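Open the model in a viewer and keep the sequence panel beside it. Each stop below says what to select and what is there.

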Amino acid sequence: MNSNRLNINFASLKLKNPTVLASGILGYSAESLESIVEGGVGAVVTKSVGVTPRIGYANPTVVQTKCGLINAMGLPNPGIDAYVQEIRHAKTVLPVPLIVSVYGFSVEEYAITAKKAAEAGADAVELNVSCPHVKETGSEIGQNSETLAKVVKKVKAAVQKPVFVKLSPNVTDIVEVAEAAVKAGADALTAVNTVRAMAIDVETALPVLSNKRGGLSGPAIKPIALRCVYDIYEKVKTPVMGCGGITSWRDAVEFFLAGASAVQIGTAVAFENAGVFEAINRGVAAYLKKKDFRSVKEIVGLSHRS
Ligand code: RRO
């Protein structure tokens, strides 16, 4: 879908459209990322990578619910030293910006991983300070504004690329966390990661996931994510990528009106396929044309007018 109405500048990245593959959906190979590009995506975010390889949790790691997925993958990843090869290769085949998601078990680990990812060619890094179920990383960092600020400052000092911060909805006040990230130097925010959840098997009378608790994604969390974006936009002027349960152009437009400048799509890609990007882009372009808007930018935050 090529429409000038869809072009955006997001935290100094140029995107031909505002739909972005969310972290965690695809594996690490450039080939799997390529299939997403053919689907018309504007940029891609990789699965989270850290300093050392991790196997992740034992199966079952995903359970389907009526309106979404609950996952507790446990951050499986090959480690940044192995992954830099994939980043370099991806940069030679991907025609869209590549955002590498990084996590760490300390301030230093975030900085080391982000630096290696940026040096390998990542166009931006997204700090995963919101994984809801791995101890001593993810949301244990992102739920504490002081620790979060330390991570963001250290990463900003280590890399010359835009730094995005992916926030958790599992907090009392997401605006306080967003403000801490921005004050520490975040160039953009992604709102939000998954919502803490679980499922129990009535036959075995045990939790379904091996980790018991996981993170809920998909249409069930869309209203929560939308409210988070709306709350953030009221107080923070740093660009936001909306993320959570977006499956249609209407969902995407809702997020723009709430204050997101771009949208990330994850579970819908797992449920459907990469064609979801094209479908959303067509719908958004048609909406903008029908309403006489020249660009996505013109509708960002529009629902806040009084
Ligand atoms: O790997 C995971 O279990 C995981 C991660 Br890193 C995350 O950020 N969010 C999520 O729901 N699962």
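Start with an open sheet of 4 strands, whose order is S5-S6-S14-S11 and whose pairing is antiparallel. This is a predicted model. Select residues 62-65 for strand S5 and 195-198 for strand S11. These are the edge strands of the sheet, and each pairs on one side only. From one strand to the next, the twist averages 40°. Strands of a sheet pair through backbone hydrogen bonds, either parallel or antiparallel.

Now select residues 68-71, which form strand S6, together with residues 213-217, which form strand S14. The two strands run antiparallel to each other and are paired over 3 bridges. Which residue in S14 stands opposite leucine 69? Show serine 217: that is the residue facing leucine 69.

**The nonpolar cores**

Next, show Leu127, Val165 and Leu189. In the largest nonpolar core, which has 99 residues, these three touch the most other members. Keep leucine 189 selected and display what is around it. Leaving aside residues up to four places away in sequence, leucine 189 touches Val165, Leu167, Ala178, Ala181 and Val182, among others. Further along the sequence, its contacts include Ile232, Val236, Pro239, Val240 and Met241.

**The salt bridges**

Side chains of opposite charge can pair when their charged atoms come close. How many salt bridges does the model hold? The count comes to 9.

Select aspartate 251 and lysine 222, whose side chains form one of these salt bridges, with 3.2 Å from N to O. Aspartate 251 belongs to helix H8 (residues 249-258) and lysine 222 to helix H7 (residues 222-235), so this pair ties together parts that are 29 residues apart in sequence. Are these two residues buried or exposed? Aspartate 251 counts as buried because its relative accessibility is 10%, under the 20% limit. Lysine 222, at 13% relative accessibility, also counts as buried.

Since lysine 222 lies in helix H7 and glutamate 254 in helix H8, the pair ties together parts that are 32 residues apart in sequence. Glutamate 254 counts as partly exposed, at 33% relative accessibility.

Move to helix H10, residues 275-290, and select glutamate 278 and arginine 282. Their side chains meet in a salt bridge, 3.0 Å from N to O. The two residues are 4 apart in this helix, so about one helical turn separates them. Glutamate 278 has 21% relative accessibility and counts as partly exposed. For comparison, go back to Lys222, Asp251 and Glu254: salt bridges that share partners join these residues into one network.

**The last stop**

Finally, select asparagine 4, in the segment before strand S1 (8-10). Asparagine 4 counts as exposed, with 68% relative accessibility. Which residue lies 291 places away from asparagine 4 in sequence but 7.4 Å away in space? Select serine 295 and check the distance from C-alpha to C-alpha.

Note on methods. Residues are numbered from 1 along each chain as its sequence is written. This is a predicted model: local features need pLDDT of at least 70, side-chain atom pairs count only at pLDDT 80 or more; totals for chains, interfaces and linings use all residues. Side-chain values use heavy atoms; hydrogens and water are left out. A nonpolar core is a set of buried Ala, Val, Leu, Ile, Met, Phe, Trp, Tyr and Cys residues joined through side-chain atoms within 4.5 Å. Buried means under 20% relative accessible area, exposed over 50%, partly exposed in between (1.4 Å probe, protein chains only). Contact means heavy atoms within 4.5 Å. A salt bridge is a side-chain nitrogen of Lys or Arg within 4 Å of a carboxyl oxygen of Asp or Glu. Two strands pair if DSSP finds at least two bridges between them. Axes are lines fitted to C-alpha atoms, for helices over the stretch in contact, and angles run from 0 to 180 degrees between N-to-C directions.
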